[in-house]
Amino acid sequence: MGKLIIMDHPLIKHKIGIIRDERTGTKEFREMISEIAMLECYESTRDLQLENVEITTPISNTTVKRLAGKKLAIVPILRAGLGMVPGMEAMIPSAKVGHIGMYRDPDTLNPVEYYCKLPADIEKRDVFVVDPMLATGGSACDAIAQLKKHGCQHIRFLCIIAAPQGLERLQKEHPDVDITVGELDDHLNEIGYIVPGLGDAGDRIFGTK
Ligand code: PRP
Ligand code: URA
C-alpha cells in the first residue's frame with residue numbers, strides 16, 4: 001500500500017481555515033491554495049534521493065547534498081488543480097508540467113475527460129497529480145489511470161480536502177499511489193459536495209460564480 005500522509009501542521013490548519021470561510025475572496029483563496037500546496041509538497045517529497053557533490057565555499061572545500069537527478073512532473077487536474085501549481089513549482093522548479101482536464105457530470109458525478117497534454121517523456125518521471133478536492137474520487141482515479149496508460153509507474157496524489165469515500169476509493173483502485181491530504185472531512189452531501197468542505201474549488205479559484 002502507498003504511503004498516506006494527512007497533514008498535521010498548525011500553518012496548514014490555519015490556511016485551510018481561511019479557504020473554508022465563505023467570506024474569503026478570490027485573491028486570498030488563490031494565495032492560500034498555492035501556499036498549502038507548497039507545504040504539502042515539502043512533506044510529500046521527504047523520500048527524494050540525494051547524492052553527494054563536492055563544492056568549494058568561500059572558506060573551504062566541502063561535500064553538499066543535491067537531489068539525485070530524478071525527473072519529476074506536476075500534473076494538475078483542470079481546473080482547480082491549476083491553483084496548486086505555483087506552490088509546487090516553487091518547491092520543485094525543474095519539474096515539467098502536464099495537464100489533464102476533467103469535469104464532473106453534475107447528474108452522475110462521473111468524471112468526463114476533455115483534455116490531456118503530458119510531457120513527452122512522462123513515463124520516465126515521478127508524477128505529482130494535484131487537485132484541491134477529492135470527493136467521490138472519480139476524477140483522481142481516472143486521471144491516475146490515464147497516467148498509467150502513458151506508462152507512469154511512480155505517482156503521488158496531493159489534495160487539500162478529502163472525503164472519506166474518495167480516499168477509500170483512491171486507495172482501493174490505486175494502492176501503489178502515495179497520497180497526501182491536507183484535511184480529511186466528514187462526508188459528501190446529496191449533490192456530491194464535501195462537508196464541511198469549501199464549496200466549488202474551481203469557481204472560488206477563478207471567480208466564476
Ligand atoms: C472538482 C475538483 C475535482 C473534482 C473532485 O472539479 O477540482 O477535480 O471536482 O470530485 P470527485 O472526486 O467526485 O471526482 P470539477 O469537476 O468541479 O471541475 P472544475 O475544477 O473545472 O471546476
Ligand atoms: N468539487 C469541489 O470543487 N468541491 C467539492 O466539495 C466536491 C467536488
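How far is an oxygen atom of ligand 2 from a polar backbone atom of Ile-194? In this predicted model, the separation is 2.8 Å.

Local features need pLDDT of at least 70 and side-chain atom pairs count only at pLDDT 80 or more, whereas totals for chains, interfaces and linings use all residues. Residues are numbered from 1 along each chain as its sequence is written, chains are lettered from A and ligands numbered from 1 in the order in which they are written, and side-chain values use heavy atoms, with hydrogens and water left out.

**View 1. The surroundings of ligand 2.** Ligand 2 is surrounded by Arg-104, Met-133, Ala-135, Gly-192, Tyr-193, Ile-194, Gly-199, Asp-200 and Ala-201 (a residue is included if one of its heavy atoms lies within 4 Å). Besides the pair at Ile-194, a polar backbone atom of Gly-199 is 2.8 Å from a nitrogen atom of the ligand, and a backbone N or O atom of Ala-201 lies 2.8 Å from an oxygen atom of ligand 2.

**View 2. The surroundings of ligand 1.** Ligand 1 is surrounded by 16 residues, of which the closest are Arg-104, Asp-131, Thr-136, Gly-137 and Ser-139. A polar side-chain atom of Ser-139 lies 2.6 Å from an oxygen atom of this ligand. A polar side-chain atom of Arg-79 lies 2.9 Å from an oxygen atom of ligand 1, and a polar backbone atom of Ala-80 is 3.1 Å from an oxygen atom of the ligand.

**View 3. The packing of helices α1 and α2.** Helix α1 (residues 10–20) and helix α2 (residues 26–44) pack with their axes 9 Å apart, at an angle of about 155 degrees, and they are therefore roughly antiparallel to each other (a term for angles over 145 degrees). The contact (heavy atoms within 4.5 Å) is made by Leu-11, Ile-12, Lys-15, Ile-16, Ile-18 and Ile-19 of α1 and by Glu-28, Phe-29, Met-32, Ile-33, Glu-35, Ile-36, Leu-39 and Glu-40 of α2. The residues of this contact divide into ten nonpolar, no polar and four charged.

**View 4. The packing of helices α4 and α5.** The axes of helix α4 (residues 138–149) and helix α5 (residues 164–173) come within 9 Å and cross at roughly 20 degrees, and the two helices are therefore roughly parallel to each other (a term for angles under 35 degrees). Gly-138, Ala-140, Cys-141 and Ile-144 in α4 meet Arg-169, Leu-170 and Glu-173 in α5, and the residues of this contact comprise four nonpolar, one polar and two charged.

Notes: Axes are lines fitted to C-alpha atoms, for helices over the stretch in contact, and angles run from 0 to 180 degrees between N-to-C directions. Helices (H or I, at least four residues) and strands (E, at least two) are DSSP runs, numbered from the N terminus. Angles under 35 degrees count as roughly parallel, over 145 as roughly antiparallel, 65 to 115 as roughly perpendicular and the rest as oblique. Ala, Val, Leu, Ile, Met, Phe, Trp, Tyr, Cys and Pro count as nonpolar, Asp, Glu, Lys and Arg as charged, and the others, Gly among them, as polar. A polar contact is a pair of N or O atoms within 3.5 Å; within protein, one must be able to donate a hydrogen and the other to accept it, and residues adjacent in sequence count only if both atoms are side-chain atoms.
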